[in-house]
Amino acid sequence: MMLSKKTKYLLLAALVLGLAVIYLPLLVVLLNSFNSDTTFGWPPSGFTLEWWGRAAENQGVLDALVTSLEAGLAATAIALALGMMAAFALQRYRFFGKDTVSLLIILPIALPGIVTGIALNNAFRTILGIDLGLFTAIVAHATFCIVVVFNNVVARLRRMGGNLEEASMDLGADGITTFRLVTFPMLRSALLAGGLLAFALSFDEIIVTTFTLGAGLQTLPIWILDNLFRPNQAPVVNVVAAVLIVVSTLPVYLAQRLSGDTASGGRI
């Protein structure tokens with residue numbers, strides 16, 4: 001499609017404006033985590049690592065970090081196992097209600113977080129009789145983390161086709177050997193990309209976590225929310241927010257690079 005020079009400049013300006021609206025506030029948070037002024041005057045009068053030291057010594061931050069890591073890693077592990085199995089079942093087999101099952105798997109990530117949170121809270125407490133705690137938060141996170149793993153694996157299976165697996169079995173390999181030596185190596189990058197996205201999604205989740213995490217426990221996003229308007233904690237909050245930005249961005253970047261590796265057939 002041919003565009004005039006004026007149209008190209010307008011589109012470029014719109015792109016730059018949109019990216020600035022998204023990323024400039026994040027840059028301000030990162031800079032404020034080093035701002036020596038406790039009132040965060042702008043532009044910064046100087047830079048310091050003092051707030052990073054305080055954050056590293058803050059027991060509340062450390063406990064919240066451990067909880068976030070535990071929830072994120074456990075939810076990711078569950079999502080990898082269930083998401084991969086669901087992808088194989090729906091991509092490789094035909095059965096009644098296949099489209100409905102696919103919709104039900106994808107639906108949790110499309111529902112408003114507050115709806116999911118309330119529904120799971122009621123299910124755990126009133127129907128199942130389970131006290132809220134880290135376990136319930138992990139299960140809640142897994143419900144939407146499964147979706148990103150499922151989508152990545154389904155997309156890879158569609159590109160792979162079944163010829164290589166059929167050839168392997170024609171040569172005498174059983175199903176387990178074929179999966180171990182043929183299928184899994186081609187799925188590794190898709191699984192890794194899905195796992196990274198699932199972890200990032202879990203690590204910075206706050207709405208569902210608020211309804212499913214037990215009393216006395218906090219993840220980093222919840223710690224930020226609880227301390228956001230406490231003036232004495234403002235510098236540490238900026239540091240924690242900066243850490244969240246980095247921890248959430250790196251998995252997404254790596255997942256994007258891995259998902260874009262179509263030429264190699266998924267091999268790392």
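**View 1. The largest nonpolar core of this predicted model.** Val-149, Phe-150, Val-153, Leu-157 and Leu-187 touch the most other members of this core, which has 27 residues. Four helices each supply at least two of its residues: helix 3 (59-92), helix 5, helix 6 and helix 8 (175-203). Helix 6 gives the most, with 11 residues.

**View 2. Surroundings of Leu-157.** Neighbours within four places in sequence are left aside here. Leu-157 is then in contact with Ala-87, Phe-88, Gln-91, Arg-92 and Leu-187. Both Leu-157 and Leu-187 are among the residues that touch the most other members of the largest nonpolar core.

**View 3. Helix 5 and its buried face.** Helix 5 covers residues 113-127, 15 residues in total. From first C-alpha to last, helix 5 reaches 20 Å, close to the 21 Å expected at 1.5 Å a residue. Which residues of helix 5 are buried? They are Thr-116, Gly-117, Leu-120, Asn-121 and Phe-124. Seen down the helix axis, these buried residues fall within an arc of 130 degrees, so they line one face of helix 5. What covers them includes helix 4 (98-110), helix 6 (134-160) and helix 9 (207-212). On the other side of helix 5, Thr-126 and Ile-127 are exposed. Gly-129 follows helix 5, and its phi is positive, near 70 degrees.

**View 4. The salt bridge between Arg-54 and Glu-50.** The structure holds 1 salt bridge. Arg-54 pairs with Glu-50, and their closest N and O atoms are 2.6 Å apart. Both residues lie in helix 2 (residues 50-57). They sit 4 residues apart, about one turn of the helix.

View 5. In the model, residues 65-89 are 100% helix and 0% strand. The end C-alpha atoms of this span lie 36 Å apart. Residues 101-120 are 90% helix and 0% strand. Here the end C-alpha atoms lie 20 Å apart.

Methods
Residues are numbered from 1 along each chain as its sequence is written. This is a predicted model: local features need pLDDT of at least 70, side-chain atom pairs count only at pLDDT 80 or more; totals for chains, interfaces and linings use all residues. Side-chain values use heavy atoms; hydrogens and water are left out. The expected span of a helix is 1.5 Å times one less than its number of residues. Buried means under 20% relative accessible area, exposed over 50%, partly exposed in between (1.4 Å probe, protein chains only). The arc is that of the directions from the helix axis to the C-beta atoms. Contact means heavy atoms within 4.5 Å. A nonpolar core is a set of buried Ala, Val, Leu, Ile, Met, Phe, Trp, Tyr and Cys residues joined through side-chain atoms within 4.5 Å. A salt bridge is a side-chain nitrogen of Lys or Arg within 4 Å of a carboxyl oxygen of Asp or Glu.
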